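Here are my notes on this model, as numbered points. Please read them alongside the coordinates.

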Amino acid sequence: MVIDTDEKLLLDLLNTTPVHEGRPCDLLAGPADGLRWLSAHGQPASEEEWRAALDARAALQDVVRGDAPPAALARFVEGVSCLASLGGEGIEWTPRLPDGRVAAARAVLTWDALRVSGPGRLRACANDECRLFLIDHSRPNTARWCSMAGCGNRMKARRHYQRTRQGKTDG
């Protein structure tokens with residue numbers, strides 16, 4: 001069974017707790033921010049949806065980081081079902097998502113689709129000071145940072161600096 005998933009929704013939800021100027025922030029901190037974010041992602045915008053998205057985000061972040069088992073996501077897909085219909089190319093599956101948890105359920109379904117189709121491709125940035133996530137679509141599956149221009153360059157510069165400092169103290 002193939003269900004239409006939304007990687008952008010999942011990744012954007014996971015990345016709503018970035019670090020700006022060394023301080024963690026929450027892009028969904030208040031209801032107005034949450035409703036605006038949900039609307040911008042084509043999801044139903046209600047306070048119930050926002051709260052479910054916040055809860056799903058926390059659970060997904062923990063699961064992706066390996067701090068919680070996948071079972072922590074079960075409550076977000078309770079009541080989800082699929083409706084089959086015959087289309088031009090064959091059977092089409094349409095998810096029926098519970099009111100008040102549409103975005104949360106969609107994000108968790110997308111996480112599971114990625115888990116199955118590309119194990120290990122959704123992961124946290126390798127920069128310990130970063131709180132962002134990435135989906136690695138590269139063939140070798142070797143991406144480590146959310147952004148090569150940002151975290152990648154910072155981490156490489158830090159390692160280079162440590163190697164050169166260590167070389168000066170060894171000689």
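1. Arg 57 sits in helix H3; helices here are DSSP runs of H or I of at least four residues, strands are E runs of at least two, and both are numbered from the N terminus. Arg 57 counts as buried because its relative accessible area is 7%. The cut-offs are under 20% for buried, over 50% for exposed and partly exposed in between, with a 1.4 Å probe and protein chains only. Leaving aside residues up to four places away in sequence, Arg 57 touches Leu 13, Leu 14, Thr 16, Thr 17, Asp 26 and Leu 28. Contact means heavy atoms within 4.5 Å.

2. A word on the basis. This is a predicted model, in which local features need pLDDT of at least 70 and side-chain atom pairs count only at pLDDT 80 or more, while totals for chains, interfaces and linings use all residues. Residues are numbered from 1 along each chain as its sequence is written, and side-chain values use heavy atoms, with hydrogens and water left out.

3. Next, the core. The largest nonpolar core holds 28 residues. Such a core is a set of buried Ala, Val, Leu, Ile, Met, Phe, Trp, Tyr and Cys residues joined through side-chain atoms within 4.5 Å. Leu 10, Leu 13, Leu 60, Leu 73, Phe 76, Trp 111 and Leu 122 touch the most other members. Two or more residues each come from H1 (7–14), H2 (31–40), H3 (47–65), H5 (102–117) and strand S6 (133–135). H3 gives the largest share, nine residues.

4. What does Trp 111 touch? Not counting residues up to four places away in sequence, its contacts are Leu 10, Leu 60, Val 63, Val 64, Pro 70, Leu 73 and Leu 122.

5. Strands S3 (residues 81–87) and S4 (residues 90–96) run antiparallel and are joined by seven bridges. Strands pair if DSSP finds at least two bridges between them. Ser 85 has Glu 92 in S4 as its bridge partner. The hairpin from S3 to S4 passes through two residues.

6. Leu 86 lies in S3. Why is Leu 86 classed as exposed? Its relative accessibility is 73%. Leu 86, Ile 91 and Trp 93 form a nonpolar surface patch, together with about 350 Å² of accessible area. Patch members have over 30% relative accessible area and no salt bridge; like charges are joined within 9 Å, nonpolar side chains (Val, Leu, Ile, Met, Phe, Trp, Tyr) within 5 Å. A salt bridge is a side-chain nitrogen of Lys or Arg within 4 Å of a carboxyl oxygen of Asp or Glu. Areas come from the Shrake-Rupley method with a 1.4 Å probe; for residues, only the protein chains shown count as cover.

7. Asp 128 is in the loop between S5 (122–124) and S6. Asp 128 is exposed, at 78% relative accessibility. Its C-alpha atom lies 9.7 Å from that of Cys 151, 23 residues apart along the chain.
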